[in-house]
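This report looks at the open spaces in one protein model and at the aromatic rings that pair within the protein. Please keep the sequence and the 3D view at hand while reading.

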Amino acid sequence: MCPLFSVFGIYNTLFKVDWLHCADQGVAADFLGNLFEYLVRNLLPGSNQDLRCDRLRELIMKFYDENNVQDKLKEFAMKSFQGTTTLPPKLKGNAASVRALVPFGLSLAKEYLSDDEPIEQAIKCAAKHLFNCYECLRESSSAFSHTALYEHSKCFALQYWALYQTFGSKVSWRPRPKMHMFLELCASETEPQKFWNYRDEDFVGTVARQCRMQGRWNDLRFWAKHAHDMFRMKNEVPNIKS
């Protein structure tokens, strides 16, 4: 059991499932990875996978320019989303860059996937439901967001599971544990846009960069002192006036 629960007043009801980890870096990254791999293998123009991946990169850059996207992937290649023999495809990137590509995934599915092909229709349907889950987080959707978020998340999960079974229940489209977290969050009737931790994650990254140093010191005291010293070097001492 986590030691935090030994503290007086700490109960599991105080903790919330975070959208950043279960959606952005969870089901959305998994879906986009599977979608990109399917398109690169089967539908995008090009004589080999590298050329088709280049075409996909061009489409992403065009989407960034047309929609003035600020949170962009730092790099994009086959290794950015391709799965292995044991791990399903997953788009690699920080939460904000993955989230920014959810609308792109829907537009890509509409353009290249056919309703006449059951597998492609299921992928397109899953893309639509995932996009609608993100739309439910908008303030303008607050009047019906709880019911809509629950319904769209459930439909997305059903399509995802159907694709996993259709592909032979192997690696492609294999649901991960974060799918359960995602469904739990969407069924909880909370408002995840009011307690997600994007700024907290940025702060953790800042502290991690300050702690990075050369040497083989593995004592926590050295890391903490180094981070504190780096913070003091980069920030002026505040001038407190009475």
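## The second largest pocket

In this predicted model, helix H5 (118–135) gives the largest share of the lining of the second largest pocket, 3 residues. H3, helix H4 (102–112) and H5 each supply at least two residues of that lining, where helices are DSSP runs of H or I with at least four residues, numbered from the N terminus. Among the lining residues are Arg99, Pro103, Phe131 and Tyr134. The lining divides into 6 nonpolar, no polar and 3 charged residues; here Ala, Val, Leu, Ile, Met, Phe, Trp, Tyr, Cys and Pro count as nonpolar, Asp, Glu, Lys and Arg as charged, and the others, Gly among them, as polar.

The volume of this pocket is about 230 Å³. A pocket is an open set of points on a 1 Å grid over the protein atoms alone, where a 1.4 Å probe fits and protein lies on both sides within 12 Å along at least five of seven lines, while lining residues have an atom within 4 Å of a point.

## The largest pocket

About 440 Å³ of space lies in the largest pocket, and its lining consists of 19 residues, of which Gln25, Gly93, Asn94, Ala95 and Asp202 lie nearest the centre. Helix H1 (19–42), helix H3 (95–100) and helix H8 (198–211) each supply at least two lining residues, with the largest share, 7 residues, coming from H8. This lining divides into 6 nonpolar, 6 polar and 7 charged residues.

## Aromatic pairs

There are 17 aromatic pairs, counted when ring centres of Phe, Tyr and Trp (its six-membered ring) lie within 6.5 Å; planes under 30 degrees apart are called stacked, over 60 edge-to-face and the rest tilted. The rings of Trp19 and Tyr134 are edge-to-face, because their planes stand at 85 degrees, with the centres 5.3 Å apart. Since Trp19 lies in helix H1 and Tyr134 in helix H5, this pair ties together parts that are 115 residues apart in sequence. Both Trp19 and Tyr134 are buried, a word that means under 20% relative accessible area with a 1.4 Å probe and protein chains only.

Phe156 and Tyr160 form a tilted pair, 5.7 Å from centre to centre and with 55 degrees between the planes. These two residues, also both buried, are 4 residues apart in helix H6 (residues 145–166), so about one helical turn separates Phe156 from Tyr160. Ring pairs link Trp19, Phe31, Tyr38, Tyr134, Phe156, Tyr160, Phe167, Trp173 and Phe182 into a cluster.

Residues are numbered from 1 along each chain as its sequence is written, and side-chain values use heavy atoms, leaving out hydrogens and water. Local features need pLDDT of at least 70 and side-chain atom pairs count only at pLDDT 80 or more, whereas totals for chains, interfaces and linings use all residues.

Methods:
Grid points are joined across faces, edges and corners, and a volume is the space filled by probe spheres set on the points. Buried means under 20% relative accessible area, exposed over 50%, partly exposed in between (1.4 Å probe, protein chains only).
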